[in-house]
Amino acid sequence: MQQHAAAAVQQGKITEDDIDKALNNLFAVRMRLGHFDGDPRANIYGGLNAADICTPDHRALALEAAQDGIVLLKNDASILPLDRAAVASAAVIGPNANNPGLLIGNYFGPPCESVTPLKGVQGYVKDVRFLAGCGSAVCDVADTDQAAALAASSDYVLLFMGLSQQQESEGRDRTSLLLPGQQQSLITAVADAAKRPVILVLLTGGPVDVTFAKTNPKIGAILWAGYPGQAGGLAIARVLFGDHNPGGRLPVTWYPEEFTKVPMTDMRMRADPATGYPGRSYRFYQGETVYKFGYGLSYSSYSRRLVSSGKPNTDLLAGLSTMPSPAAEEGVASYHVEHIGPKRCDQLKFPAVVEVENHGPMDGKHSVLVYLRWANATAGRPAKQLIGFRRQHLKAGEKARLTFDISPCEHFSRVRKDGNKVVDRGSHFLMVDKHEMEITFEV
């Protein structure tokens, strides 16, 4: 902006009014922060100092955020959680096991302390044997033989692999969804040498194609921890050893490596079967996945079901004409959200209630996801769409009922090819897992 804004004004691409609007927004926020109210030490933030950094509450929040974000992707034969009393020795292998800087990704302030995964595991197991296996996540060269020997001599094996800012950051794009360098072959060799199925922990920002690990019976469990922050190592260890019951869900679709054949410059969301284009995101993608959006396991068994739903007061639509369909949607009648208007949109809202139960054996937080699907996915409609989610802590054996506020103008609407935001007349379906409720939207 500093380099090109003046030229953009001169060429008529933006106006001084555009700049004035941005300045008004900027200085309005600064005024709200009290930047022009005299001595800054006298305003509401003026007393902040070093004592307000890394307080016990802040440290607890960092740990809670890291724990809640961990996603359990695989847990064959319930190998996790580990019984610390039964783990005589643990091999900790991987370039992401003891790198404090890796925990914080990018865009961060310096943490007051960092607990790496290695340090976290050492808090639970006395005999911990560490080998990086690679110099970094790039892993051009791997100490495969040494890692396999360490695995063969240890009671349990924990692998901490994944990505780093060398592969993914602002201004840096990946050309592959596979683990970098020799990581896959290192993991496989270690798993083959180990006494029992190994545990793989992935520290990455974006998705990776780990189909090889998902299908390998010698890899018993897979955790995804993201870049979990200063308390990340402690959070991972607490999950591994059962002091925290994982309840995270994947925030993105994990695509297979073949998805990289799709040009990154082709930004169409909707699939095009005629050309083999698979689409993008859980809403439209029609290809195979490694793991789906919203996926995540737990140490407990949960059930969820829609138990009741109100109905939108569609009498409010009386006298409101439907929009003519574009040629591509012949026969589909829709209400224009703009014609319904804010007041009627607010009056059309209704509640839906979901019952969730923790069948045990552990207490835990559980996320309930509510989706909408249309009667069909033609004319550019999504296959389904997330319209609400809630996380609830439940003790083993406990039930709870969660109420979701459903807004047809927001949740039932879609954008047509002509750019109009509409709500289709007829049936819409609320979904929680395989449970559905039909909601009719017409007079």
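These legends describe close-up views of charged side chains in a predicted model.

**View 1. Aspartate 68 pairs with lysine 365.** The two side chains form a salt bridge, with 2.9 Å between the closest N and O atoms. The partners lie 297 residues apart and link distant parts of the chain. Aspartate 68 sits in helix α3 (residues 56-69), lysine 365 in strand β10 (residues 364-374). Aspartate 68 is buried, at 15% relative accessible area. Lysine 365 is partly exposed, at 22%.

**View 2. Arginine 304 meets aspartate 433 in a salt bridge.** The N to O distance is 2.6 Å. This pair also links distant parts of the chain, 129 residues apart. Arginine 304 belongs to strand β7 (residues 302-309). Aspartate 433 is in the loop between β15 (426-432) and β16 (435-441). Arginine 304 counts as buried because its relative accessible area, 18%, is under 20%. Aspartate 433, at 42%, is partly exposed.

**View 3. Salt bridges with shared partners build one network.** Its members are Glu64, Asp68, Lys365 and Arg391. The salt bridge count for the model comes to 21.

**View 4. Lysine 74 and aspartate 76 form a salt bridge.** Here N and O are 3.8 Å apart. Lysine 74 is buried, with 5% relative accessibility. Aspartate 76 is partly exposed, with 38%.

**View 5. Four acidic residues form a negative surface patch.** They are Glu16, Asp17, Asp18 and Asp20. Aspartate 20 lies in helix α2 (residues 16-32). At 39% relative accessibility, aspartate 20 is partly exposed.

Methods. Residues numbered from 1 in each chain as written. Predicted model: local features only at pLDDT ≥ 70, side-chain atom pairs only at ≥ 80, totals over all residues. Heavy atoms only, no water. Patch = residues over 30% accessible without salt bridge, like charges linked within 9 Å, V, L, I, M, F, W, Y side chains within 5 Å. Areas by Shrake-Rupley, 256 points an atom, 1.4 Å probe, with all protein chains shown as cover. Charge placed at Lys NZ, Arg CZ, Asp CG, Glu CD. Helix = DSSP H or I, 4+ residues; strand = E, 2+ residues; numbered from the N terminus. Buried < 20%, exposed > 50% of the residue type's maximum accessible area, 1.4 Å probe, protein only.
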